[in-house]
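Colleague: Could you take a close look at one part of this model for me, the stretch that carries a database annotation? I would also like to see how it sits against the chain as a whole.

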Amino acid sequence: MTTFAIAPEVLKDTISAALGDKVASIKVALGEVTLVVKAADYLDAMETLRVAPGCKFEQLIDICGMDYSAWRDTEWDGPRYCAVSHLLSVSLNQRVRVKVFCPDDDFPVLPSVMHIWNSANWFEREAFDLYGIVFDGHVDLRRILTDYGFIGHPFRKDFPLSGHVEMRYDEELRRVVYQPVTIEPREVTPRIIREENYGGLN
């Protein structure tokens, strides 16, 4: 188990004091501090977490998107899209998870933190590509994992498993072409193969 120089409960109190009313909620679960901030306070909170004496989160480890539309197979009461950041303080040996929900489900937008941590570049592009979260102020917000002609955002819960289009190389046209999906939905049933005399049966 990872040990930290500062106990999670102490870190929770330190972050709460540093951010004040910018904290929407904060809790400790499984030895980790999870902080929720409002979109309007996101940039200020992240800048404070980087420079405040008891925080000093110099590294952004990850940003990922989340779609809460079908959270744990129940009806979710709240904003649909969320960006989750994981911050690390090398100097103080501590971590925090920061969650911020997009205020508009139809057009999810959050401010970019690229000017605070350069590593946000590709992480924000990934969240944009897979979830459709737009990061305002990002200098190069474009797809990073899917093709440039890709339609939709594949990690959204309402995105079809087979997608909307498929691509293939056309010998006659001598180029890659897009076409409607030709895969038909099917039920996958495992095939059981048993050797002869399995369990002493003929």
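Modeller: Happy to; I will begin with the annotated stretch and then turn to the whole chain. Please keep in mind that this is a predicted model. The UniProt record, an unreviewed entry, places the feature "domain: NADH:ubiquinone oxidoreductase 30kDa subunit" at residues 36-164.

Now for the setting. The protein chain has three helices and nine strands, and along the sequence they come in the pattern α-β-β-α-β-β-β-β-α-β-β-β. As for overall dimensions, the radius of gyration of the protein chain is 23 Å, whereas a compact globule of 202 residues would have one near 17 Å. A box of roughly 70 × 60 × 35 Å, taken along the principal axes, is filled by the C-alpha atoms of the protein chain.

Packing and surface complete the picture. Of the 202 residues in the protein chain, 33% count as buried. If you take the contacts between residues at least 6 apart in sequence, 50% of them join residues at least 24 apart. The accessible surface of the protein chain is about 13200 Å², and carbon and sulfur atoms account for 53% of that.

Conventions
Residues numbered from 1 in each chain as written. Predicted model: local features only at pLDDT ≥ 70, side-chain atom pairs only at ≥ 80, totals over all residues. Heavy atoms only, no water. Helix = DSSP H or I, 4+ residues; strand = E, 2+ residues; numbered from the N terminus. Rg over C-alpha atoms; globule rule 2.2 N^0.38 Å. Buried < 20%, exposed > 50% of the residue type's maximum accessible area, 1.4 Å probe, protein only. Contact = heavy atoms within 4.5 Å. Areas by Shrake-Rupley, 256 points an atom, 1.4 Å probe, with all protein chains shown as cover. UniProt positions renumbered as here; feature names shortened; annotations may be inferred.
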